[in-house]
Structures are given as structure tokens and as C-alpha cells.
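Here are my notes on this model, as numbered points. Please read them with the coordinates open.

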Amino acid sequence: MHLVNPKTYNLSSRIKLLQDSAGSLFIVIDRKSRIIMKDGSRVVKMAERIKEVNQNKKISLLTSAPVCSKTKVLLLKNNISVLSL
């Protein structure tokens, strides 16, 4: 995996994006506190911005934090898989 410049997808430079050899994008959230609905809705908005630039990208959330069950359902409903670091 290698780092991708988030500016190419009209995202903030603070966001960490990784891309694997298959072309899938991973939004990385590396922290200890729980991922809640507010964070989930932000991730969905980021995914929408990425889809505006490139429709064919598969997007996943890569995190070390526990994810709220309702947030996990929201992300899966928007075709964003949740993976652990």
C-alpha cells in the first residue's frame, strides 16, 4: 500500500488515504476513541467526494478504534467496508 494525496479527490490534506495494488482506497483513522455516527457521516461524505472524481474506486475504512454498531450499519449501507489496522 502507498499513500495517496487527498487533494486529488478534493479532500482536506489532514486526511490519510492509502491505495493498494488493486486500486482500492482506504480512509485511515488511527486513534483510540470510538468511531461514532458523526465520524461515520464524515466518512460517507469523503466517500461521496472520491466517487465524484473516480466512480470505480472501492472505498474502505481502515481504523484501530472500535466502531459503533449503528455506524457500522451506516457505512455498510453506503458500500464502505470497515477493516481493522
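1. D39 forms a salt bridge with R31, with the closest N and O atoms 2.5 Å apart. A salt bridge here is a side-chain nitrogen of Lys or Arg within 4 Å of a carboxyl oxygen of Asp or Glu. The model is predicted: local features need pLDDT of at least 70, side-chain atom pairs count only at pLDDT 80 or more, and totals for chains, interfaces and linings use all residues. Numbering runs from 1 along each chain as its sequence is written, and side-chain values use heavy atoms, with hydrogens and water left out.

2. D39 also meets R42 in a salt bridge (3.3 Å, N to O). Both lie in helix α1, three residues apart, about one turn of the helix. Helices are DSSP runs of H or I, at least four residues, and strands are runs of E, at least two, numbered from the N terminus. The whole structure holds two salt bridges.

3. D39 counts as buried because its relative accessibility is 10% (buried is under 20% relative accessible area, exposed over 50%, partly exposed in between; 1.4 Å probe, protein chains only). R31, at 29%, is partly exposed. R42, at 44%, is partly exposed.

4. Q19 sits in strand β2 (residues 16–19). Q19 is buried, at 15% relative accessibility. Leaving aside neighbours within four places in sequence, Q19 is in contact (heavy atoms within 4.5 Å) with M1, H2, V4, S24, L25 and K57.
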